[in-house]
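Me: I am new to this structure and would like to learn how to read it. Please take one feature at a time.

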Amino acid sequence: MEISKDERELYDRQIRLWGLEGQGRLSNARVLVLGIDATTTEAVKNLVLAGVGAIALQSVKTVTEESLGYNFFVTKENLGQNVAEASKTAIQRLNPRVALSVITDETSSIDSNFISTFNVTIASQLTDKNELIRLNNAVRSSESYNSSSDTNINTNSSLGSVPHAFYMSLLNGWGGLLFVDLNIHEYTLEKDSSMYNYDPNNLPAQISETKQIIQAQAPAENSGSTVTKLTFRETYVSLENALNVSKEFGQKLRPRFRSKVSPYLPAFLALLDSSDQAEIDINKKATQLGLSPVDDGFISEFSRGRGVEVSGIAAVIGGFLAQDVLNYLTRRELPIQNTLVYDALRSKGPVYRLSS
């Protein structure tokens, strides 16, 4: 996972943040982006500048007057062209070291064998629930080890031996949603040893419903430090599992927190339950989640924003998306677990863990 002298100089600031090993993982990573839109335009920019090794851009859409408002990789000269092909030249200029490729076929033609060649798959503005589940399951089927039987995975290994990640992003009016499935993910943090109650001689140690400590490197003897290098293993659920969330979700929450759950959560889940032209039943979904009915004003607001991608919202969600992918690839921070909901009008971006 070596990187060249030129790369060390180019990515010097990043290397100080996540180390040579983290930058090496980025340089060897392959990312598949399904859908070039307002969110992924922002995300791709950040990933390319960070030095991700290869990115495949997929889209069947063409450049329109509307897309000129958010896609800074295209101009009026590109009107009518495939948006992925039209964006490639400007993206490449940002970082010639990144290998770019273009796919102009529908996502339905992309099979699990092709998906297995990528470390990260991003599906954006795709509302066909069955297709999203198929893609997510394809990512999961490409895992290169059985984590349930391996408790001593080498965290210094190459990217080819880690699970593949799946991200789904959606925008609608003034809100956005980001779903993350990393299956089994390992990452390292330096923490005060008193923060967690575990026996370092008896690992892995379960410290929450989804988290284990699998390795602990204590500070040097007589150093006076209490900072321990901890390697965590986080377990995620599939999109299919998350979309089957039941009333237990709301029932587990204290009434005060239940009343503050973002209405965008049932709204986006209801959007995925509906067909492209069908009416969205947000309150039906709120009931299924064990939440209180959603205000009529919000329902009208969400309906008016259907299909609308606001550039400012896309920049936020795209930023979250890119940063989370970088966290995943460098294994230096805990990525989102597992659903982020962004509400621009109310300046909130809570994270919820959805599971059936």
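Reply: Start with the terms for the elements: helices (H or I, at least four residues) and strands (E, at least two) are DSSP runs, numbered from the N terminus. The chain has 13 helices and 12 strands. This is a predicted model, in which local features need pLDDT of at least 70 and side-chain atom pairs count only at pLDDT 80 or more, while totals for chains, interfaces and linings use all residues. Residues are numbered from 1 along each chain as its sequence is written, and side-chain values use heavy atoms, with hydrogens and water left out.

Me: What is the mean pLDDT of the chain?

Reply: The score pLDDT is the predictor's confidence in each residue, from 0 to 100. Here the chain has a mean of 86, and 87% of its residues reach 70 or more. Residues 144–162 are a stretch where pLDDT stays under 50; the model has 38 contacts for them beyond four places in sequence. Contact means heavy atoms within 4.5 Å.

Me: How many residues does the chain have, and what percentage of them count as buried?

Reply: Buried means under 20% relative accessible area, exposed over 50%, and partly exposed in between (1.4 Å probe, protein chains only). Of 356 residues, 51% count as buried.

Me: Which residues have the most contacts inside the largest nonpolar core?

Reply: A nonpolar core is a set of buried Ala, Val, Leu, Ile, Met, Phe, Trp, Tyr and Cys residues joined through side-chain atoms within 4.5 Å. The largest one has 47 residues, and Ile55, Val120 and Tyr167 have the most contacts inside it. Helix α13 (residues 311–330) supplies nine residues, the largest share of this core. A second, separate core has 46 residues, including Ile103, Phe179, Leu239 and Ile299.

Me: Where do the residues of strand β2 face?

Reply: Both faces of β2 are covered, with Ala54, Ala56 and Gln58 on one side and Ile55 and Leu57 on the other. Five of the five residues of β2 (residues 54–58) are buried, so this strand is largely enclosed by the rest of the structure. Beyond its neighbours within four places in sequence, Ile55 has contacts that include Val31, Val33, Leu47 and Val98.

Me: Which strand is joined to β2 by five bridges?

Reply: Strands of a sheet pair through backbone hydrogen bonds, either parallel or antiparallel. Two strands count as paired if DSSP finds at least two bridges between them. Strand β1 (residues 30–34) runs parallel to β2, with five bridges between them. Arginine 30 stands opposite alanine 54 of β2.

Me: What is the order of the strands in the open sheet of four?

Reply: The order is β7-β10-β9-β8, and the pairing is antiparallel. Strands β7 (184–192) and β8 (205–206) stand at the edges with a single partner strand each, so one side of each has no neighbour in the sheet. Nine bridges join β7 to β10, and tyrosine 187 has phenylalanine 232 of β10 as its bridge partner. Lysine 229 is also in β10 (residues 227–235). With a relative accessible area of 37%, lysine 229 is partly exposed.

Me: Which residues of helix α12 are buried, and which are exposed?

Reply: In α12 (residues 296–304), Phe298, Ile299, Glu301 and Phe302 are buried. Seen down the helix axis, these buried residues fall within an arc of 160 degrees (taken from the directions from the axis to the C-beta atoms), so they line one face. Asp296 and Arg304 are exposed on the other side. Among the elements that cover the buried residues of α12 are β5 (165–172), α10 (264–273) and α11 (282–288).

Me: Where are the cis peptide bonds?

Reply: One joins leucine 203 and proline 204, with omega about 5 degrees. Proline 204 lies in the loop between β7 and β8. Another runs from glutamine 337 to asparagine 338, with omega near -10 degrees. Asparagine 338 is in the loop between α13 and β11 (339–343).

Me: Is asparagine 183 buried or exposed?

Reply: At 14% relative accessibility, asparagine 183 counts as buried. This residue lies in the loop between β6 and β7, and its phi is near 60 degrees, a positive value in a residue other than glycine. Serine 347 has a positive phi too, about 50 degrees, but serine 347 is exposed, at 64% relative accessible area.
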